[in-house]
Each structure stands twice: as C-alpha cells, then as structure tokens.
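Have the sequence and the 3D view open as you read.

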Amino acid sequence: AGTARGAALAPTAAPGDRTETPVASSSPITSVAESVVRVKIPLPASVGPHPAACDWLSYLRYRDVHGPTQSAKADRILVAQPGIFEGAGAFDSVARDTVAQAAAHGKYIEFWALDRRSNCLEDHTGTAAALAARNPRVAIGYYYHHKRIDGHAFRGFLNSGQLGWLAHVGIAQTVTDEYRLLAEELPSQALRKQKVLCGGHSLGGTITAFFAEWDFGGHPGYQQCAGYFALDSTISTSLGSLSGLPTGPAVHDAGLGYTATAAGLDSGAIPRDLNLPVLINAETENMLDIYGVAADVAPSARNTVTSELPRDDANIDATERLLFSRNAVNFATGYPSIRDFRFTNDAALGALLDSNSQPLAMLEVADGFFNGHGGAVADKDFPLPSDLARQPALQSLDGSLLGTDPLAIPATPRGPVYGWENYDQVGTPGNPLYYSRDGRPFTTASSEVTDIHEVARSFAEQPLDFTEWYFPTKLATDIYQKSEPQIADHLKYPNGITANPTINLLGGSGLVIRNGVPPNGKTVVAPHYHHLDVLTASPHQNDGHPELISENLARFALSP
C-alpha cells in the first residue's frame, strides 16, 4: 500500500528501480522470511495525472529462510491476485504455511502476494505509528484529531472526484501489471512457464483467468504459468460461479455499452471506485486495521477504540449499527449501541469479522466466539431474524450475501467485559458452549479454524495491508463487459484456462461451493472454512490434522 508500516526494517537494496525491504513479524512460523518488494513500472501517460507512488508495483515475498535467496532458483513461485476490496496482506497466513509445508518435504518455494495499483493511494502512517508505539490511540489521533506524525498530516479519505486516473485502470491494466512484474522479476519466459503458478482469492481467480487468456503483444498469458490455483474461487472469466460479490448498478454497467461506461467513469458520472455508504469503504477498511493493531498489541486488554472513534461520524455510526444491532428496533433506535458494551480488544475484532457475528458471507472468518464472563449472549436477529436468515431459499438469492452460521450478540450492556474464546478454546474446560434459542450451540470446536491472533497480526503488521481502500470500478465493469470488443479482442486464447493444471481450494462454508464444484481441475473442499478462512486458517487445526488449504497447495506446487 501507499505507506509502509512500522513492521518494515531498513531496505537492503539501494534506491533505484527495485527495492526489497525485510519485514519483521510476530508470526509463530519463524522459518519463513518475508519482505516487501517494490518495482518501478510506470503507468502509461494515457491514464492521466497520478501520484508518483502509483508508478511502482508492490508485492509481499515469502520464502523459506534456508532456501535460495534468488527467486529464480526456487523450486516453484506462487503468484496470487487478491480478491475484491483486498490487499496483499490478506495472504499472510496461507503464504507462510504453504512455504513451510513445502520445506517440510525438502522443497523451497516462494509465495508472492500482489498489491493492485490502487493500493498506492492509501495512507498507513497512523496505523504504522500506532503499531510501533503499541498504542491504537496514535492512529485515532492521526486520522481523526489532526495529530501530525513526523510532520505529516492526514489529508482525508479520497472521494471519486480525486481519483480521475482510476477511470483508466481496468482489467487490461491489471493483467498487464502482473505480466510486466513477472517479466521484470523473472526475465526468462521458459523459467516462468516451468516454475510460476498463477492464482488468487475470490475475484483474484477471475483475474487469473483473464490473464491466462490475454494476449500480451504476441505472448500468451497461459505461457507465463505452469499451473493455476483458486482460493475459494474459480479460474473462470465468468463471475457466475462466484457469489458474495456486490451486484447492481454499483458494479454492473446497468445496460450501458463499454464506450458509454468509459465516458461515465472519465467524467465522474460513474464513481471511479466501489465505495458503499457504510460497511465497505476506505474509512471502515482502515478502521479494521486500527482494531487489528489493538488486538495485536494487547488482545486481552479492555477495548477503547470503539469509544474513542468519533461519535458524530455518520459512516462509523451506521456501520456499527449494521454490524452490532440485535434486532430492527435496536438498529432504528441506536440503543443499546456497541459503545454500551465492554469488550477486550480481541473480542471487538471478533465481533466485526467472526462468522457468528458478521452477517455478510464475503467478510467472515471462523475464529472463535464471545466469552460472556457472566454476561448473556443472545440470538442476533439483524439484518434478518436469525431463523429466517438460515433458510435455504434465502441462501440461494443473487450473490448469496448472507452467511450460514447462526448469529450471536452480547446481551448485557454496561455489564461484564466480554472476552473472546479463540478457535482452539471453544468448548474446552472453562469455556462452555453458548446455545441459540432453538437449543443448538452457536458454534463448536469442529467449526472453528482460524486463530484470532493471526487475524489481528495480518491486519496490523503487514506493510501492504489486508484491505483495499479504493477498488477501481473499471476493473469490475470490464469483467462484466468482457464480450465487448475492447476487452474481447485481447482474449485470444480461450483455451488458456485449461492449458495448465488447476487446483480449486474451496471453503465448505465459503462462497463458491454453493454453486457446485468448478468444472476444471482438482477440487479440495475444507469443511467449515468460510470465504476468508482459506487465507487465514491456523496451521494447527482442532482435529489434529495439518491445515488443509496450505497442505494441498504445497503438494500442488511440488507436483511435476
């Protein structure tokens, strides 16, 4: 993202067209080295004026500490495109564990987690300083109270009118960026064809399919890859197999042709970035990072982030109501609000993302449950009544936006401090199960797969963050308009997605499996994994078995 965080150490390379900076991490997987790589690959002049930082492409590089230092000498290199609203930091857990799994078999692979161009617009000065100071108040002061850090002041979250150049950043620029980055880092096409595995999470699988079919000046995309991997995704240029993605006028062209859509983006009549009024926008995504810092540096401490965020911010207020209302009356009145409850830092982060609390399937992880410590936990009947929301008919609605797990919410305002039972604590002695009104437990140990501390670390410590503040609208409209000649003329290799081996690694409670098994390649389904769990699941699972996604991805990487 735009500003590297405090976890980054001093660069090892002299300033130039490429820098590589080691990244310090509190990950328990100490055998994997991480660095942030930045390569200067300027945007074409046709995109118009843009920040100088956006002439650089960035990725997180993961490798085994005992393996070769030169990427070209690795046994395989996995290159991952992030999903919608997602940044490179989202891959941290699966990248580390996959590299470690391969090393356990005597092979050294690398995992490259890509950042898209638009991440260059983000300002992580506040969260970086908060992490370094181990104090989330530093970030809140920077973003909301005009506090300067090293003389730098936050200039505010950008609006569509400030993002003119994003009107020209679509699927062509995105796949060209990946091609040029691979060509810069691994100049030999023969080596790329032998060693590079191309893939991604969610929308990243779709982008990979476009890459495979794209013609790069006579160089087929599929010839740059030895195989494909899809993380709760499919390698397909159609979004029909992906669910949980926003639909409607914000993404679709609403019947406009390519030329009219491009004109609308260029003039600003169509917003240049996908930015919902609440829940999913630059401010709320940055807010997740602040919660992540708090849970990373002091997981069991009393959460103060919620009370210190501005009360008069309509976006924050509406988002908190949407995520933390027990029922429709609670949402309408605003009482009790999230500010009327007391939480630990890890419980606050869990309340925002856990599959038993977060209603939207695309944002869910299975990382534990509330511990009331004497306070009640009740069924959450908003945005839909809990029983109704789990009906199969609603689960098959367009987009499959709703999760399938029963939702819960603390029920004792101004009461005890609600803590968090981590994924491996649920149902253990001293951590009794909590039951919904129909007599079923909200969750059990077998349904939990992700460590809340790893989630916090991924949000807080990555120099390229977990989220993407400014997702280009053009990238979405281009994908919907792939049959228009401006896109179709570049897709010269329709058999590209079947030209190489593929592995589909799906969550059993994720998005893709709801539409059936993908038609191409080998498919592995991880039971109980949600859409984000395929990225965040702990290497130490409750059933005693190795983590399924990274284990199978490593095996695929090591296959002939």
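Which element gives the largest share of the lining of the second largest cavity? That's H4, with 5 residues. Keep in mind that this is a predicted model, where local features need pLDDT of at least 70, side-chain atom pairs count only at pLDDT 80 or more, and totals for chains, interfaces and linings use all residues. Residues are numbered from 1 along each chain as its sequence is written, and side-chain values use heavy atoms, with hydrogens and water left out.

**A few terms**

- Helices (H or I, at least four residues) and strands (E, at least two) are DSSP runs, numbered from the N terminus.
- A cavity, on a 1 Å grid over the protein atoms alone, is a set of points where a 1.4 Å probe fits but cannot get out; a pocket is an open set with protein on both sides within 12 Å along at least five of seven lines; and lining residues have an atom within 4 Å of a point.
- Grid points are joined across faces, edges and corners, and a volume is the space filled by probe spheres set on the points.
- Ala, Val, Leu, Ile, Met, Phe, Trp, Tyr, Cys and Pro count as nonpolar, Asp, Glu, Lys and Arg as charged, and the others, Gly among them, as polar.

**Cavities**

- There are 7 cavities of 30 Å³ or more.
- The largest cavity has a volume of about 350 Å³, and of its 26 lining residues, Phe85, Glu285, Leu288, Leu363 and Thr467 are the closest to its centre.
- H8, H10 (314-323) and H12 each supply at least two residues of the largest cavity's lining, and H8 gives the most, with 4 residues.
- Sorted by class, the lining of the largest cavity has 16 nonpolar, 8 polar and 2 charged residues.
- The second largest cavity holds about 140 Å³ of space.
- Its lining has 15 residues, and Leu57, Asp115, Arg116, Arg117 and Asp177 lie nearest the centre.
- Strand E3 (56-64) and helix H4 (171-185) are the elements that give two or more residues to the lining of the second largest cavity.
- That lining splits into 5 nonpolar, 5 polar and 5 charged residues.

**The largest pocket**

- The largest pocket has a volume of about 390 Å³.
- It is lined by 16 residues, with Leu121, Asp123, Arg155, Gly156 and Leu158 nearest its centre.
- By class, the pocket lining has 9 nonpolar, 4 polar and 3 charged residues.

**Helices that meet**

- H4 and H6 (residues 203-213) have axes that come within 10 Å and cross at roughly 75° (axes are lines fitted to C-alpha atoms, for helices over the stretch in contact, and angles run from 0 to 180 degrees between N-to-C directions).
- H4 and H6 are therefore roughly perpendicular to each other (angles under 35 degrees count as roughly parallel, over 145 as roughly antiparallel, 65 to 115 as roughly perpendicular and the rest as oblique).
- Ile171, Thr174, Val175, Glu178, Tyr179 and Leu182 of H4 make the contact with Ile207, Phe210 and Phe211 of H6 (contact means heavy atoms within 4.5 Å).
- H12 (residues 345-353) packs against H15 (residues 452-460) at an angle of about 85°, with the axes 10 Å apart, which makes H12 roughly perpendicular to H15.
- In that contact, Asp346, Leu349, Gly350 and Leu353 of H12 meet Ile452, His453, Val455, Ala456 and Phe459 of H15.
- H8 (residues 282-297) also pairs with H15: their axes come within 7 Å and cross at roughly 125°, so H8 and H15 are oblique to each other.
- On the H8 side, Leu288, Asp289, Gly292, Val293, Ala295 and Asp296 meet Ala456, Arg457, Phe459 and Ala460 of H15.

- Most residues other than glycine have a negative phi, and most peptide bonds are trans.
- A cis peptide bond joins Tyr335 and Pro336, with omega about -10°; Pro336 lies in the loop between H11 (328-333) and E11 (342-343).
- The bond from Phe382 to Pro383 is cis too, with omega near 15°, and Pro383 is in the loop between E13 (377-379) and H13 (386-389).
- His146 has a positive phi, near 60°, and sits in the loop between H3 (137-144) and H4.
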